[in-house]
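The sequence and structure come first.

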Amino acid sequence: MNKLKLKCRIELTLLFFLGFLLVSCNNQIDEVNNNCDDFNLDWGFYLSQENEEINSIPKNKYRKLNLPHDWVVESEFDSLLAYDAQATGYLAGKGYGYYQKTFNQRFDENKVTYIHFDGVYNNSEVYINGVKLGFHPYGYSPFYYNISEYLNKDGENNTIDVKIDHTRYADSRWYSGAGIYRKVDLITQNKLHIPVWGTFVTTPNVSENKATVKIDIKVKNDFDVIENPIIKTTLFDENNKEVGVAESTITLDKNSLETLIQQIEVVNPKLWGINTPSMYKAITEIIKEGSVVDSYITKFGIRSILFDANEGFFLNGENMKIKGVCLHHDAGLVGAAVPKGVWKRRLQTLKDGGTNAIRVSHNPASSEFLDLCDEMGFLVQDEFFDEWDYPKDKRFNQKESKSTDYITRGYTEYFQNWAEKDLKNIMLSHRNHPSIIQWSIGNEIEWTYPKNAAATGFFDNMDWNGNYFWSEPPHSKEKIKEILDTYPEGKYSIERTAKKLAKWTKELDKTRPVVANCILPSSSHLSGYSDALDIVGYSYRRVLYDYGHKNYPDKVIMGTENLPQYHEWKAIEERPFISGTFLWTGIDYMGEIRDPWPVRVQPSGLLNTAGFPRGSYYMMKSLWSKEPTLKITTQNIEKSLNKIDANGNIVAKDPKKWEHALWQWQDVNNHWNYNNGEMISIEIYSNCEEIELFLNNQSLGLKKLVDFEDHIYKWGVPFIEGTLVAKGKKDGVAIESKIITAKTATGIKLTSEEKTINANNYDVAHIVAQLVDEKGNPVFTDDKEITFEIKGNAKLLGVDNGWIKSVQKFQTNKNTTHNGRTLLIIQALDKAEKVIVSAKVDGFETSDIEISIK
């Protein structure tokens, strides 16, 4: 049986006794409460360039598919889209998307039925049996409709239609995708029920010995009579052991909604943390005349958080640094419709690299993504909006006057009327996730308000490669304040809007701080913007940490968007008052392109779009991981950042360049394949106190980390074919790594971390194809086109080699490797059997891998 999603609930009238027995036997509670229908299978989809009426589209125009679905990622990369599609990655997403599903659901006068969408991009209209339920413009906020009264009385052939207008296909500054790209649920309950997002669990008092769990519960009575039910909440730990119970009686007037509060003390709680992400369940039952008529499960964690202006961040009383990365919502070959298993692989790689926090930027995450963060122990900053009252330029930042054409008009068009509803929907849906530690009301908003941009002295005199990153504000505090006070007021002010957004946030949750990512904090501190914030996030302004702490000592400040470089982390390590950072970015994302075709992504990620690590990943791992780590990289000395000095020592060409490094990591290789005698720069990223390097068992010397100001071990070595071995020590623990000269590629090695997946239409397997030589050594210096064949009950999701210049179509069974490898993802269907994936290259023997689907 499928696991219950957080928002799902079940009527348990007939199953109550069975459920009692199963709980008593310590079985999986989720498997009793699974009456939330999976509503993602067997949809029809039709894409049109014309605005058609839903009732005029012939049935045979719809093709069958399962949700989630992103129609944009199915397209070819197209250079002709050029200027218009730089923001979204050269994929054509324009059009009207039509989704349709027919289902059986009998109308019952004692029940209520909701349809819940976790995310639809965007400008959606939803219909049930031809009746329009509503319009929802924002592509990132969840929403739902009550469809009870529109169901066919005989229960047969109900039809849901969703129409999406994505003719404004460049309305975001990054790849948005289009379609019903997150999951859909059909929820059926008794008319006396806990509504969608109807509980809020907090832990106001937490210690190792005891915790207070507070449950706010909404109860809805849709009957035309007064009801007096018992509300019973039982808490279970991660082993389904009962740890507490509360019971209340409530009186509800007819057709009313009431809220009650229950408190339960948990002895010796298992605290949720980044290394021990223990989860609890609160099962809230509505009992009427001795029978359970509604049951609602809320998953939560017991933990405490604190941000201090002088000492930084505390989780469960422990002072720690936030080692975070920013992530957009796309995932390479799957676009925006990302299976949970794809996120799990990506997040696990980041976790293995020392990452403990995620900023979901610049929009709220899916519920599945947040479930994973709960389960895996990630701290999360959940962000609401990228633009407020005024639009941002979608093609290139700061050129807003050119962002007024039809295709780029985005959420600002709806902000005034929809911001409160969208913000509150996001919070109501997400606020039980213990992983969330901050609510971000906005990202780099300041430059869209003219007086804030003018006041700093930067935006008319900004060099993205220079003064903005490394200089304090050209204007004094007094000058900034003078300009803010005398500059003509626009229709909207940043401070008024910020206070409004913060107020709405606090109305729903006072347990987490409100933050924003401020691109011009020197202005934000004086404009009134920061007055609305509990934490002021500095975007690429680590040079202002001391300035901010000195001038605003009572304000919590931290890095919320920073460069994936050593100098960023060094600045934070040296300052206890800075809680941590979120690096831009954890993984490459499509769109926001600054380089000419065929570059298709913003290549700032620690990982590329295929999830393969870059040098920056290993650098940050050496800074963030407590475990010994060591990574060897190489490069021709002329192409590297280093040189051989007059004394024969390897030194940086520019000794201070590392202090001003920006988004992209230097060009380094994972191989040991060069021309004989060619001088090679060897860079090793490690947290070992010392490393000795060997080439073909001959020592090239022992070096110590303290001797390298930029935290990178370096050797200059003439190339000789063979084996390069690095041996290091950290805290007395030895670690070793090696790379070997490879011969000509003669074969393909297929590997997968997922050997077995479930036949549930959702699970995925990631298969990496690596070119190898006759001895099985990986070959990184050759590339071949690979043709994949799948035999068995699995779906090809696509291929991606991760190269920023690869514009090969994702949705195909052919792909050319980059640096000798590429990624294929398959998805299970609904039949248990063994699946064989074959990889073929002309002139090579075919390679196979078996994936078991059970």
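## The second largest pocket

Helix 13 (615–624) and strand 33 (630–636) each supply at least two residues of the lining of the second largest pocket. Helices (H or I, at least four residues) and strands (E, at least two) are DSSP runs, numbered from the N terminus. The model is predicted: local features need pLDDT of at least 70, side-chain atom pairs count only at pLDDT 80 or more, and totals for chains, interfaces and linings use all residues. Residues are numbered from 1 along each chain as its sequence is written, and side-chain values use heavy atoms, with hydrogens and water left out.

Strand 33 gives the most to this lining, with four residues. By class, the lining has 10 nonpolar residues (Ala, Val, Leu, Ile, Met, Phe, Trp, Tyr, Cys and Pro), seven charged (Asp, Glu, Lys and Arg) and 14 polar (the others, Gly among them).

## Helix 13

Nine of the 10 residues of helix 13 are buried, that is, under 20% relative accessible area with a 1.4 Å probe, protein chains only. Among them are Gly-615, Tyr-617 and Trp-624.

Eight strands form an open sheet in the order 29-28-27-26-25-24-23-30, with parallel pairing. Two strands pair if DSSP finds at least two bridges between them. Strand 29 (556–561) and strand 30 stand at the edges with a single partner strand each, so one side of each has no neighbour in the sheet.

Strand 26 (residues 436–443) and strand 27 (residues 514–518) pair in the parallel sense over three bridges. Asn-443 stands opposite Asn-517 in strand 27.

Conventions. Buried < 20%, exposed > 50% of the residue type's maximum accessible area, 1.4 Å probe, protein only.
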